Amino acid sequence: MSDALALTWRQYRLERKMFWRNPSAAFFSFALPLLFLAGAGAALSGNQHQLNRLVPMIAGMSVMSTTFTALAYNIVFLRERGVLKRIRGTPLPTISYFGGVAANAVTNTALQITIIVLAGRAFFGIGWPLHWVALIVFVVVGVVSFAALGVAFAHAIPNFESTAAYVNAVFLPVVAISFYVFDSSSAPGFVRTIAEALPLKPLIDGLSAAMVAGTGLGGHLDALAVIALWGVFGLYLAVRGFSWEAART
Amino acid sequence: MRGIDITVQRGEVFGLLGPNGAGKTTTVEILEGYRARTSGEVSVLGQDPAKRSIELRRRIGIVLQSGGIYSHITPREALRHWASFYPHPRDVEEVLALSGLQAKADERSRKLSGGQLRRLDFALALVGDPELIFLDEPTTGFDPEARRAAWETVRSLRELGKTILLTTHYLEEAQALADRVAIVKDGRVLAIGPPRELMAHPPGAAHYRVAYRDSRGELVERQTDDPTRLLHELTSEALARGEQLEELAVGHPTLEDVYLELTADV
């Protein structure tokens with residue numbers, strides 16, 4: 001077990017190193033939400049009510065992009081390139097491999113949430129998160145769910161060239177509908193129902209409660225349950241459908 | 001796959017030779033633990049590879065037909081990382097030297113040439129100091145010089161006492177490297193034995209080939225199991241006609257003849 005743990009740590013360190021050496025991946029999963037925050041934040045400057053909504057929205061989007069998007073990209077790339085197959089043939093325990101990969105994604109999420117919290121405090125008039133426990137619980141459950149969904153989704157993507165199309169076909173509509181419903185009280189009922197059933201809107205609710213409203217966990221257990229249910233679904237599909245090799249042509 | 005029954009001895013280089021689609025890679029991937037077999041018995045170093053035990057994977061090294069590597073890793077980093085998977089890895093610098101990668105040890109893998117990446121494939125399979133090494137078409141797409149270099153590596157592994165199972169569709173490769181060869185086609189073993197024996201006692205083919213140029217200058221080739229009688233007939237006929245048998249030669253079929261004979265579509 002200590003061996004598996006040591007190998008998880010080594011895999012994690014390798015993943016970190018590879019992440020920083022790949023500027024485009026680092027940019028897409030890292031800088032994009034922050035640029036979005038900077039741009040929208042500047043546009044909404046002075047409107048504290050809007051800024052209070054913007055910051056949790058960006059935080060939720062960051063959780064999704066650092067886990068769901070980044071993992072789908074990574075897994076498909078490594079699968080199609082034959083890296084996964086090669087790793088599969090070594091004694092590296094599967095748990096250590098995925099432990100390292102997941103820890104890498106979690107590190108990116110944690111870094112982004114930290115930057116968003118700091119930026120919210122420094123530039124957008126939002127104080128320190130009012131409810132740290134709720135923030136951590138929502139981020140952790142969100143990370144686990146979106147990471148599992150990203151790994152599961154990788155299975156549906158047939159080749160690396162189409163990864164951007166597949167990922168964006170999910171990421172953009174989910175972000176759009178979740179942002180819209182979170183921000184607008186006049187959203188049509190069925191649109192609201194859809195958004196509430198998807199994992200991002202509940203995550204933004206929870207992050208908003210923790211970061212801005214300070215209402216804590218109690219009032220958002222249903223949101224937490226929706227995210228967790230997606231997580232269970234994602235984990236099931238991730239494990240069941242996982243493919244270590246590119247499909248034979 | 002219709003049934004492949006082979007036993008590879010410890011310390012030997014065993015070649016699976018056959019055309020594309022013969023079932024070579026499928027066979028090797030079952031042995032490596034990548035694929036489940038539908039029936040039959042398989043034992044690799046005394047274990048069932050389908051169970052995918054870590055203990056077994058510590059003792060084998062795999063060179064895949066096409067295995068990728070992280071774009072931004074250097075050979076030295078990759079070898080250090082891979083070495084950490086194994087209980088008694090070889091020295092990374094030594095493996096870099098053995099695989100001829102010293103000069104490129106700190107280059108990102110995306111900047112390596114195809115031949116250099118293939119060397120890295122070898123190096124990564126060796127770094128755990130495995131007892132048994134699988135080489136799936138190790139030199140496909142190589143230029144002659146790179147192929148010779150790869151052959152030297154395989155020979156040096158054999159000298160270290162490693163057992164090697166290699167697949168190839170190059171006859172000369174099987175002939176140059178393998179102690180024993182199994183010729184496979186359509187998931188079946190057609191012939192098995194040391195290359196020399198397959199040539200001396202070709203299964204299903206004549207043992208001798210007699211070739212000469214006839215009076216019209218055309219090359220004639222006859223196959224026989226009784227060269228003495230055939231030669232006697234040919235030479236006496238030629239003498240009776242007052243002709244020469246130009247370029248008369250008697251020989252064994254080459255591995256290529258055996259191979260073509262066996263794998264020819266009937």
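Of the 266 residues of chain B, 36% count as buried; a residue is buried if 20 or more other C-beta atoms, placed from the backbone, lie within 10 Å of its own, exposed if 12 or fewer do, and partly exposed in between. The model is a predicted one, in which local features need pLDDT of at least 70 and side-chain atom pairs count only at pLDDT 80 or more, while totals for chains, interfaces and linings use all residues. Residues are numbered from 1 along each chain as its sequence is written, and chains are lettered from A and ligands numbered from 1 in the order in which they are written.

## Chain B as a whole

The C-alpha trace of chain B spans about 75 × 45 × 30 Å along its principal axes. Chain B holds ten helices and nine strands; helices (H or I, at least four residues) and strands (E, at least two) are DSSP runs, numbered from the N terminus. Among contacts in chain B between residues at least 6 apart in sequence, 66% join residues at least 24 apart. Two residues are in contact if their C-beta atoms, placed from the backbone, lie within 7 Å.

## The sheet

Six strands of chain B form an open sheet with mixed pairing, in the order 2-3-4-1-5-6. Two strands pair if DSSP finds at least two bridges between them. Strands of a sheet pair through backbone hydrogen bonds, either parallel or antiparallel. Strand 2 (60–63) and strand 6 of chain B are the edge strands, and each pairs on one side only. On average, neighbouring strands of this sheet are turned by 15 degrees against each other, direction ignored.

|---|---|---|

Strand 1 (residues 13–17) of chain B is mostly covered, with five of its five residues buried. Val13(B), Gly15(B) and Leu17(B) point one way from strand 1 of chain B, while Phe14(B) and Leu16(B) point the other way.

Helix 6 (residues 144–159) of chain B packs on the sheet and touches strand 1, strand 3 and strand 4 of chain B. The direction of helix 6 makes about 155 degrees with that of strand 4 of chain B. Axes are lines fitted to C-alpha atoms, for helices over the stretch in contact, and angles run from 0 to 180 degrees between N-to-C directions.

## Two domains in chain B

Chain B is divided into domain 1 (13–200) and domain 2 (208–263), with bounds from an automatic or database domain assignment. Taken over C-alpha atoms, the centres of domain 1 and domain 2 of chain B are separated by 41 Å. In chain B, 13 residues of domain 1 are in contact with nine residues of domain 2. On the side of domain 1 of chain B that touches domain 2, helix 8 of chain B gives the most, with four residues. The residues of that side divide into ten nonpolar, two polar and one charged. Here Ala, Val, Leu, Ile, Met, Phe, Trp, Tyr, Cys and Pro count as nonpolar, Asp, Glu, Lys and Arg as charged, and the others, Gly among them, as polar.

## Two residues with positive phi

Most residues other than glycine have a negative phi. Leu45(B) is not a glycine, yet has a positive phi of about 50 degrees. Leu45(B) lies in the loop between helix 1 (24–32) and helix 2 of chain B, and is partly exposed, with 14 other C-beta atoms within 10 Å. Asp129(B) also has a positive phi, near 50 degrees. Asp129(B) is found in the loop between helix 5 (114–126) and strand 3 of chain B, and counts as partly exposed, with 18 C-beta neighbours inside 10 Å.

## Chain A and its contact with chain B

The contact of the two chains takes 18 residues from chain B and 16 residues from chain A. On the side of chain B that touches chain A, helix 2 (54–57) and helix 3 (75–83) of chain B are the elements that give two or more residues. The residues of this side comprise nine nonpolar, six polar and three charged.

Within chain A, helix 7 (residues 163–183) and helix 8 (residues 189–197) pack at an angle of about 115 degrees, with their axes 9 Å apart. Helix 7 of chain A contributes Ile177(A), Ser178(A) and Val181(A) to the contact, and helix 8 of chain A contributes Val191(A), Arg192(A), Ile194(A) and Ala195(A).
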